[in-house]
Amino acid sequence: MTSTTDANADAPTPDGYGALRAQLDTLTTEAFRPELAEIDQLPTREIARIMNGEDTTVPAAVAEKLPQIAAAIDATAERMARGGRLIYAGAGTAGRLGVLDASECPPTFNTDPSEVVGLIAGGPSAMVKAVEGAEDSKELAAADLDALGLTADDTVVGISASGRTPYAIGAVEHARGKGALTIGLSCNAGSGLAAAAEHGLEIVVGPELLTGSTRLKAGTAQKLVLNMLSTITMIRLGKTYGNLMVDVRASNEKLRARSRRIVSLATGASDEEIETALAATDGEVKNAILTILGGVDGPTAATLLADSHGHLRAALSAVRTT
């Protein structure tokens with residue numbers, strides 16, 4: 001027997017989008033909140049207070065999924081340690097967040113731009129202007145991944161607040177078919193994206209302040225998880241020493257000053273010693289620290305770090321045991 005609800009969901013509508021509208025009605029991220037229906041009538045300060053209160057709920061939603069997030073990070077780091085890449089794929093806000101996280105890895109961790117890649121439906125121009133229809137294509141996602149020469153050592157993270165975006169699901173399905181590690185990051189329980197991925201991360205933050213505006217709490221949740229995914233993966237790969245960014249790329253005056261501060265914090269050396277060490281290591285912070293703490297020259301520091309796969313603590317241990 002077909003229920004009245006089912007019949008209405010399947011019935012044609014004047015705009016032809018009955019099925020999709022019915023699907024959106026089931027998503028937490030699309031839910032309407034009657035108690036906020038008069039929010040536009042409130043004083044600005046009160047709206048800000050409500051919005052701030054909404055935002056404070058996001059970290060708790062992320063905390064509920066920390067075991068799953070940690071498992072995904074460990075799996076990602078294992079793949080990257082053997083030469084794999086971290087690839088984000090999403091549309092709209094989700095895609096932009098992936099591109100943002102990827103673009104921040106080279107200056108922060110001295111990664112090659114090809115090591116952490118952000119794909120957005122519609123290509124780079126979609127970062128600033130919506131490319132209509134691009135998010136609806138699984139085939140476009142597969143083509144974008146094929147253009148990168150996807151391998152089984154890579155990790156593909158599909159990002160979609162709704163968890164239904166065809167581009168994100170298509171990326172995960174195609175990657176999994178190629179043997180790559182797959183992660184599905186969404187903000188709805190029981191999502192198609194999580195089901196398609198090996199590691200499903202569903203951060204359920206509830207309905208938005210503005211109905212369906214998933215650049216708000218959902219976007220914040222996705223940013224927090226992507227921060228964890230890239231940062232902790234890089235920690236596991238030896239890109240840090242303690243909480244110091246020892247692989248930072250000094251590409252401007254601020255970063256050159258930060259490089260010297262990092263060497264100072266790690267070693268306690270004088271300014272003169274720091275300048276000497278950086279000069280001997282072509283400005284490489286990690287190498288400079290090793291020359292000071294390990295008492296070795298620049299070429300030896302480079303060799304020790306190469307033998308230790310870039311892990312400064314391991315290189316220091318090698319010096320101390322010889």
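Which hand, left or right, does the crossing of α11 and α12 have? The legends below, which describe a predicted model, begin with that crossing.

**View 1. Crossing of helices α11 and α12.** The crossing of α11 and α12 is right-handed. Helix α11, formed by residues 253-267, packs against helix α12, formed by residues 271-280, at an angle of about 115°, and their axes are 10 Å apart. Because angles from 65 to 115 degrees count as roughly perpendicular, α11 is described as roughly perpendicular to α12. From α11, the residues that make the contact are Arg 260, Val 263 and Ser 264, while α12 contributes Ile 274, Glu 275 and Leu 278. Sorted by class, this contact of α11 with α12 comprises three nonpolar residues, two charged residues and one polar residue.

**View 2. The largest nonpolar core.** This core has 31 residues, of which Tyr 88, Val 116 and Ile 203 touch the most other members. At least two residues of the core are supplied by each of several elements, among them the helices α4 (58-63), α5 (66-81) and α6 (92-109), and the strands β1 (86-90), β3 (155-159) and β4 (181-186). Helix α10 (217-236) also belongs to that group, and its six residues are the largest share of the core.

**View 3. Surroundings of Ile 203.** When neighbours within four places in sequence are left aside, Ile 203 is in contact with Ala 61, Val 62, Lys 65 and Ile 69, with Leu 185, Ser 186 and Cys 187, and with Ala 221 and Val 225. Apart from the core to which Ile 203 belongs, there is a second, separate core of 23 residues, which includes Ile 262, Ile 289, Ala 301 and Leu 316.

**View 4. Leu 304 in helix α14.** Leu 304 lies in α14, which runs over residues 298-307, and its relative accessibility is 17%. Since buried means under 20% relative accessible area, Leu 304 counts as buried. Its contacts, with neighbours within four places in sequence left aside, are Leu 290, Val 296, Ala 315, Ala 318 and Val 319. The C-alpha atoms of Leu 304 and Leu 86, which are 218 residues apart along the chain, are separated by 26 Å.

View 5. Of the 322 residues in the chain, 44% are buried. Among contacts between residues at least 6 apart in sequence, 64% join residues at least 24 apart.

Technical notes:
Residues are numbered from 1 along each chain as its sequence is written. This is a predicted model: local features need pLDDT of at least 70, side-chain atom pairs count only at pLDDT 80 or more; totals for chains, interfaces and linings use all residues. Side-chain values use heavy atoms; hydrogens and water are left out. Axes are lines fitted to C-alpha atoms, for helices over the stretch in contact, and angles run from 0 to 180 degrees between N-to-C directions. Helices (H or I, at least four residues) and strands (E, at least two) are DSSP runs, numbered from the N terminus. Angles under 35 degrees count as roughly parallel, over 145 as roughly antiparallel, 65 to 115 as roughly perpendicular and the rest as oblique. A crossing is left-handed if the near helix is turned anticlockwise from the far one by less than a right angle, and right-handed if clockwise. Contact means heavy atoms within 4.5 Å. Ala, Val, Leu, Ile, Met, Phe, Trp, Tyr, Cys and Pro count as nonpolar, Asp, Glu, Lys and Arg as charged, and the others, Gly among them, as polar. A nonpolar core is a set of buried Ala, Val, Leu, Ile, Met, Phe, Trp, Tyr and Cys residues joined through side-chain atoms within 4.5 Å. Buried means under 20% relative accessible area, exposed over 50%, partly exposed in between (1.4 Å probe, protein chains only).
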